[in-house]
Amino acid sequence: MSKNETDEEKRKRIYPIILCEYNPEWPFWYEDEKTNIVNLIGTKNIFRISHIGSTAIPGMTAKPTVDILLEINKTTDTGRLKKIFASPDYICLYGSELTMPTSPPHLIILKGYLPNGFAAKVFHIHVRYPNDWDELRFVKYLTDNPSAAAEYMSLKERLIQEYKHDRDGYTRAKEQFVSNINLKSKEGVV
């Protein structure tokens, strides 16, 4: 680290994009964190909790980050959620801290980001209101269509070369593929 390194440059350096082979422990990580979330915020605030992202697709090469879709009831007090998740274990991002478009209530919670790199288990908790979310269909489509899953793995492995230290760029570079899969899943195309 140089003396002139900005906070953003430091984040990119200590939190690179890492891809690894599928880990059969990821579904168990999800279940454990789901239990933590329920215990923290209570079932009355939760509409549904789902495992999304590549770690939810058996056999998929992925960033070892378990993505969780936390759909909260519209009556849930988001201010209270921010306070609950403002603990040493979690980083609660909202407002100007969000670098990519985020659906209401515009809240993402991170777990596993330590001052000098990743913890052994890392989570991104995407907080949203109930809806028919593309991420759920995306996971189902790739789980049911191995050739599309293989194409997605290949794309990610190519993109990692260019975007290893640019999470937002990596996500944007996958958007066209993801959009095409979401369109196919909505139309019932196999």
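Is T65 buried or exposed? T65 is buried, with a relative accessible area of 5%, where buried means under 20% relative accessible area, exposed means over 50%, and partly exposed lies in between, using a 1.4 Å probe and protein chains only.

Before going further, note that this is a predicted model, in which local features need pLDDT of at least 70 and side-chain atom pairs count only at pLDDT 80 or more, while totals for chains, interfaces and linings use all residues. Residues are numbered from 1 along each chain as its sequence is written, and side-chain values use heavy atoms, with hydrogens and water left out.

**The whole chain.** Show the protein chain as a cartoon, and find its 6 helices and 5 strands, which follow the pattern α-α-β-β-α-β-β-β-α-α-α along the sequence; helices (H or I, at least four residues) and strands (E, at least two) are DSSP runs, numbered from the N terminus. The C-alpha atoms fill a box of roughly 50 × 45 × 30 Å, taken along the principal axes. Buried residues make up 44% of the 190 residues. Of the contacts (heavy atoms within 4.5 Å) between residues at least 6 apart in sequence, 65% join residues at least 24 apart.

**Strand 2, at T65.** Select residues 65-72, which form strand 2, and centre on T65 within that strand. Leaving aside residues up to four places away in sequence, T65 touches T55, V122, F123 and H124.

For a distance to display, take F47 and R128, which are 81 residues apart in sequence and 9.7 Å apart in space, C-alpha to C-alpha.

Select the loop between strand 3 (90-94) and strand 4 (107-114), in which P105 lies. The peptide bond from P104 to P105 is cis, with omega near 10 degrees. H106 is found in this loop too, and its phi is near 60 degrees, a positive value in a residue other than glycine. With a relative accessibility of 38%, H106 counts as partly exposed.

**Helix 4 and its cover.** Select residues 134-144, which form helix 4, and colour its buried residues, R137, F138, V139, Y141 and L142. What covers these buried residues includes strand 1, helix 5 (146-163) and helix 6 (167-187).

Finish with C20 and C92. C20 is partly exposed, at a relative accessible area of 27%, whereas C92 counts as buried at 13% relative accessibility. The structure holds 0 disulfides, a disulfide being a pair of cysteine sulfur atoms within 2.5 Å.
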